[in-house]
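Subject: Handover of a structure for your review

Dear colleague,

Please find below the structure that I am handing over to you.

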Amino acid sequence: MAELQSLPLFHQIDGQKVLVLGEGEAAQPKRRLVERAGGIIIDDSAQAIDEGVRIAFVAYDDAKACEVAAINLRCAGMLVNVVDRPELCDFTTPSILDRNPLLIAVGTGGASAGLAKHVRLRLERILPPTLGKLARALFTSRPKLRDTYPDGSDRRRAIDEALHEGGALDPLDAASHERVEDWASGSPVEQSSEWHAFVITSADPDDLTIKQSRLLGVADTVCTRGEVPKDILARARADAERTTCNIQLCPRANGSKDANAIPDCAASKDSAQHNRLTVILDWQAED
C-alpha cells in the first residue's frame, strides 16, 4: 500500500489565537488565510507560548531566523509552518477550493505550490458554485432522511445512489440542491433535460468561461456548429455523445426568434432521453 506523505486534516481555529511571525509579501497570505478561517492573529512569540497557542506561521526574510523560530516554537508545543521551507514544516497549507461548507484542499507537501494552485483552478471550472448549497441542504434533510430510511444501510445506499453521476442529486448538477427535500421524503424527483448554447471564438481552451468549461465537462451530448477546435472538444467528457448540428431541422440554427424553441440535438427522442444535458458549441473564429 502506498504511504501518504502527509495526513490531510481540517483544523478548527474559529475564535482561537494563531501566531504569525514576519511581515511583507510572504506573511500576508498567511494572515489572510487565518482571518478567513476565523482565527485571531497575534505576532508575539512570548505571548503565544504563555497562552498555549497551538499553531504558528513563520515568514521571516532571514533564513536563519526562520530556523531558530521553528525550533523554539516547536519545543513550546506548537505546530509550525515556515513559508517556502517544507523541511522545517510540521504542516503545509494547501490550495483551497471554497464551496462553503464544502472545502477541497489540494496539496503537494510543499513540493510545488504552483501545481496545487493550477489543479485547484481546473477544479474551479468544473465544480458548480452551488455545491455548498447542496451540502447544507443534505445536512438539513438528515432528520427527514432518517424517517424515510430508518435503517442505516438503506440510508447509505439511498445517498450513494442519489449522489452518483447522473443521480437525482448529482454533485455536478448545479440544481441538485433544489431537489434534496423531495428526495429525502421519498417523493419522486422530477429531472428535466436542459441545454446550453455557446459561441466559441478562441481555439484556446483556457479562454472558456468557468460556466462553459464546467458544463462541457459534464454534458451528455455535445453538438457542434462549424469546425470547433479539437482542444476545445477535449474538455468534454470522453463518453459524451458527439453530434453535428442539423441546420435544416434545428429551429434555433435557422434563426428562430422563439425563446422556447428547442434545438433538434436537445429534443427528447424517447423516454431514455430524460435528464440529459446538451451543450451546443457554435464556432465563430475571430478575424
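I begin with a residue in a loop: Asp84 is placed between strands E4 and E5. Please note that the model is a predicted one. Although Asp84 is not a glycine, its phi is positive, at about 65°. A further backbone feature is found at Asn100 and Pro101, which are joined by a cis peptide bond with an omega of about 10°. Pro101 belongs to the loop that runs between E5 and E6.

The two sheets

The model contains an open sheet of four strands, arranged in the order E2-E1-E3-E4 and paired in parallel. Its edges are formed by E2 (40-42) and E4, each of which pairs on one side only. From one strand to the next, the twist averages 25°. Within this sheet, E1 (residues 17-21) runs parallel to E2 and is joined to E2 by three bridges. Leu19 is found opposite Ile42, a residue of E2.

Two helices may be described together with this sheet. Helix H1 (28-36) lies across E1, E2, E3 and E4, and its direction is at about 145° to E2. Helix H3, which covers residues 63-75, lies across E1, E3 and E4 and runs at about 170° to E4.

Another open sheet is also made of four strands with parallel pairing, here in the order E7-E10-E8-E9. E7 (194-200) and E9 (241-244) are the edge strands, and each has a pairing on one side only. On average, neighbouring strands in this sheet are turned by 20° against each other, with direction ignored. Helix H9 (residues 210-218) packs on the sheet and touches E7, E8 and E10 (277-283); the direction of H9 makes about 125° with that of E7. As for individual pairings, E8 (residues 221-225) and E9 are linked in the parallel sense over four bridges. Cys223 stands opposite Thr243, which is part of E9.

A contact between two helices

How do H4 and H9 pack against each other, and at what angle? Their axes are 6 Å apart, and the angle between the two helices is about 75°. Angles of 65 to 115 degrees count as roughly perpendicular, so H4 is roughly perpendicular to H9. On the side of H4, the contact is made by Glu124, Arg125 and Ile126, and on the side of H9 by Ile210, Ser213 and Arg214. Sorted by class, the residues of this contact are two nonpolar, one polar and three charged.

The largest pocket has a volume of about 1400 Å³. It is lined by 37 residues, of which Leu9, Phe10, His11, Thr92 and Pro94 are the closest to its centre. At least two lining residues are supplied by each of H1, E3 (55-58), E5 (95-99) and E6 (102-106). E6 makes the greatest contribution to the lining of the largest pocket, with four residues. The lining of the largest pocket consists of 23 nonpolar, 10 polar and four charged residues.

The second largest pocket has a volume of about 790 Å³. Which residues lie nearest the centre of the second largest pocket? They are Lys30, Thr93, Pro94, Ser95 and Ala113, out of 30 residues in the lining. H1, E4 (79-82), E5 and H4 (113-126) each contribute at least two residues to the lining of the second largest pocket. H1 provides the largest share of that lining, namely five residues. By class, the lining of the second largest pocket comprises 13 nonpolar, nine polar and eight charged residues.

Yours sincerely

How values were computed: Residues numbered from 1 in each chain as written. Predicted model: local features only at pLDDT ≥ 70, side-chain atom pairs only at ≥ 80, totals over all residues. Heavy atoms only, no water. 1 Å grid on protein atoms, 1.4 Å probe; cavity = no way out; pocket = protein on both sides within 12 Å on 5 of 7 lines; lining within 4 Å. Points joined across faces, edges and corners; volume = space filled by probe spheres on them. Nonpolar A, V, L, I, M, F, W, Y, C, P; charged D, E, K, R; others polar. Pairing = 2+ DSSP bridges. Axes fitted to C-alpha atoms, helices over the stretch in contact; angles between N-to-C directions. Contact = heavy atoms within 4.5 Å. Parallel < 35°, antiparallel > 145°, perpendicular 65-115°, else oblique.
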